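Student: Can we go through this one together? I'd like to start with the backbone and then get to the metal.
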Amino acid sequence: MGQPKLVVFDLDFTLWDCGGLWVDCADFPFQGGENGRVTDSSGRPLRLYDEVPLILKQLEAEGIPMGLASRTSQPSWARDLLKLLGISECFEYQEIFPGSKVAHFENLAAASDLHYSEMLFFDDEHRNVHEVGRMGVHCVEVNSGISMDVFESGLDLFL
Ligand SMILES: [Mg+2]
């Protein structure tokens, strides 16, 4: 197999940490400062985990398409934060809506014309990994944010 044909990420506690909260529990509107820091309207820091920019850059360099699968109850807030953090353009596929992630992956398969077994998914919640894994997607459960090590352990599933 060699490598995944699509790498999909959850948002909350996988790519970002919203001051210890899910993005839909932060206080909207969000704002970006000149120093690149993003906060919610109560001043909570909304940030990517440290190695996320490196991971996205690596996938971009290798020409592997990226997608998002988030079940947040505030999709427009999540989209806003993706733009403020400067990573929205990285993701060719963005499935952001509440409910089981089975639906997110059905949409991803239809949009990408790929098989589930060609996809790699990172998520911090066991139930998502369990449900999506049963569809045949290669899944990695993330603890407290993705890192380069965790990312590479996912790529290793395709060796
Ligand atoms: Mg999550």
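Student: Where does phenylalanine 13 lie?
Tutor: This is a predicted model. In it, phenylalanine 13 lies in the loop between strand 1 (6–9) and strand 2.
Student: What is its phi, given that phenylalanine 13 is not a glycine?
Tutor: Phenylalanine 13 has a positive phi of about 65°. Most residues other than glycine have a negative phi.
Student: What about aspartate 113, where is that found?
Tutor: Aspartate 113 is in the loop between helix 3 (101–112) and strand 8 (119–123). Its phi is positive too, about 60°, and aspartate 113 is not a glycine either.
Student: Is aspartate 113 buried or exposed?
Tutor: Exposed, because its relative accessible area is 71% and the cut-off for exposed is over 50%.
Student: Switching to peptide bonds: which residues does the cis one join?
Tutor: A cis peptide bond joins phenylalanine 28 and proline 29, with omega about 0°. Proline 29 sits in the loop between strand 2 (16–18) and strand 3 (31–32).
Student: Now the metal. What coordinates the magnesium ion?
Tutor: Asp10 (OD), Asp12 (O) and Asp124 (OD) coordinate the magnesium ion, at 2.0 to 2.2 Å.
Student: How are the donor residues spaced in sequence?
Tutor: The spacing is D-x1-D-x111-D.
Student: Are aspartate 10 and aspartate 12 buried or exposed?
Tutor: Aspartate 10 counts as buried because its relative accessibility is 6%. Aspartate 12 has 8% relative accessibility, so aspartate 12 counts as buried as well. The cut-off for buried is under 20%.

Conventions: Residues numbered from 1 in each chain as written. Predicted model: local features only at pLDDT ≥ 70, side-chain atom pairs only at ≥ 80, totals over all residues. Heavy atoms only, no water. Donors = N, O, S within 2.8 Å, 3.2 Å for Na, K, Ca; no water. Buried < 20%, exposed > 50% of the residue type's maximum accessible area, 1.4 Å probe, protein only. Helix = DSSP H or I, 4+ residues; strand = E, 2+ residues; numbered from the N terminus.
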